[in-house]
Amino acid sequence: MAEPLVESAVWRRLQWHRGEVEALHLRGVFESDPTRGERLTAEAAGLHLDYSKHRLTDDTLQLLRRLATERELPEKVRAMFRGEPVNTSEGRPALHVALRMPRFRSLVVDGVDVVKGVHSELDRMSAFADRVRSGEWVGATGRRISAVVNIGIGGSDLGPAMAYEALEPYASRELTARFVSNVDPADLAGALTGLEPGETLFVVVSKTMSTIETIENARASREWLVSALGAGADLTPHFVGVAGDPEAGERIGIPSENMYRIWDWVGGRTSLCSAVGLSLLVTLGEESFRSLLNGSQAMDDHFANTALGGNLPVICGLLAVWYRNFMGAETTAVVPYSDALRLFPAYLQQLWMESNGKSVTTSGEPAEVDSGSVLWGGSGTNAQHAFFQLLHQGTALIPVDLIGFAQSAEDSAERHDLLAANLLAQAEALAFGRTADELEDAGAPEATIPHRVMPGNRPSSVLLAERLTPATLGALVALYEHSVFTQAAIWGINPFDQWGVELGKELASRIAPELAAGWKHELHHDSSTNALIHRYRALRDGR
């Protein structure tokens, strides 16, 4: 039986070492080590990571790497890439990495070469996308498709929506993409505004084809088409689906030949590179979509084959453990200095918190230490005028990832330089702050000095890439996926299940019919829920 995490010598050493680090300020750390800014960096898959502005020393990094080795991180990485059942509670592998493997590779799991299956499905998807993009695939009225509406929720929405926003400069100008997830009727109504029904293709994404929000939105979409095109119109060319079982689409009127497969070894939050990305493949085209896969695959190879000390995902994951368990940080901020990545923090929220929001270890025992942190953020420079005040002068310690690019998709180098200047300035200000003496020397009014002092010593990572391309986005996605896995390996939890999501779904299915106007039976919830159901009915019915 493995030694309890909190009883290991390296864990206890890290707890003691925290006191050494807490006594240091980044100002003094940089002054005593002029090479720190060049030394504490790493490169992979087109990404440059500067982690020098973190509250740690070389001893910290050495201890964290020892912890990773002791917790068998390298062995767990190999197990995942071999297709072993690392999703222990569901007894299956987590093979999102297989979705990006090149065609010439082979990965046999339970006697099946999953890479061969992945590329077979990808070829089907590409052929379909070509038919839509060329105009060969037409709607019920014979007109070519001009709009693609992705209907899903969770990973079936967050990934495609984020990636489309990020890569819109690469998208076909002849196709509009919309994304619907919320069962709130306003979400679908807004997405359909301005679209021509006869030219609209719906991509319905649900692993089981039973997710209530997705099925309801698909049903409402069909009603919208019937209302516009008539009850006798052939709606078959207006719907394709993505599910675990190709036959599942028939339950909502999508024939199996219009269905694309997502395997049970792909979790929703790591499904972007699967058929869940079909709407991206249609709108971006095969070249860009495969470039996205290649970027993820490059980071996968780096994660699997690079020593811990220079391994970007491992470094990021160990930093997260350091702040969560030893420095008292309960939240993490992610701020991309790219408006195109404004949905990236929301995408990462599911990946980060659904994966590691666990209080039970893989053996079913209570977690020994705090696991997971709250991830939040927004795009810079807007974020600077929203929540950066808290980062600079608040009382909470909040590590932040700042993501930037050296080139802009737009032809405006001067404004892009200003954007980059803000990113670099924030990292500098967070780390070094501003002292009372500096303010006094600058002639600041004495009464304002206490309010204008910036304590600094606030940690940040800077991730830089040349340009936001499909490959760069793929690398970023894989970087955070593997950082999350690294954290889970240290904590001994399963990052691939999400049982906490299921209870709410079950209760909603029970409550939904009880809200109907014709419900006459007694309610059997707690007094609060019963009262809220009665109040909701009364407000809805105007009573």
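## Salt bridge at residues 540 and 541

Arginine 540 and aspartate 541 form a salt bridge whose closest N and O atoms are 3.0 Å apart; the term requires a side-chain nitrogen of Lys or Arg within 4 Å of a carboxyl oxygen of Asp or Glu. Arginine 540 is partly exposed at 35% relative accessibility, and aspartate 541 is partly exposed at 40%. Buried means under 20% relative accessible area, exposed over 50%, and partly exposed in between (1.4 Å probe, protein chains only).

This is a predicted model, in which local features need pLDDT of at least 70 and side-chain atom pairs count only at pLDDT 80 or more, while totals for chains, interfaces and linings use all residues. Residues are numbered from 1 along each chain as its sequence is written, and side-chain values use heavy atoms, with hydrogens and water left out.

## Overall dimensions

The chain contains 20 helices and 13 strands, taken as DSSP runs numbered from the N terminus (helices H or I, at least four residues; strands E, at least two). Of its 543 residues, 52% count as buried.

The C-alpha trace spans about 80 × 60 × 60 Å along its principal axes.

## Other salt bridges

The structure holds 25 salt bridges. In one of them, aspartate 58 pairs with arginine 39, with closest N and O atoms 3.2 Å apart. Aspartate 58 belongs to helix 4 (residues 58-70) and arginine 39 to helix 3 (residues 36-39), so the pair ties together parts that are 19 residues apart in sequence. Aspartate 58 is partly exposed at 40% relative accessibility, as is arginine 39 at 37%.

Arginine 100 forms a salt bridge with glutamate 481, the closest N and O atoms being 2.8 Å apart. The pair links distant parts of the chain, 381 residues apart: arginine 100 is in the loop between helix 5 (73-82) and strand 3 (108-109), and glutamate 481 is in helix 18 (residues 470-491). Both residues are buried. A network of salt bridges links Arg103, Asp123, Glu286 and Arg290.

## Serine 227

Serine 227 is part of helix 9 (residues 212-229) and is exposed at 65% relative accessibility. Its C-alpha atom is separated by 37 Å from that of serine 120, 107 residues apart along the chain.
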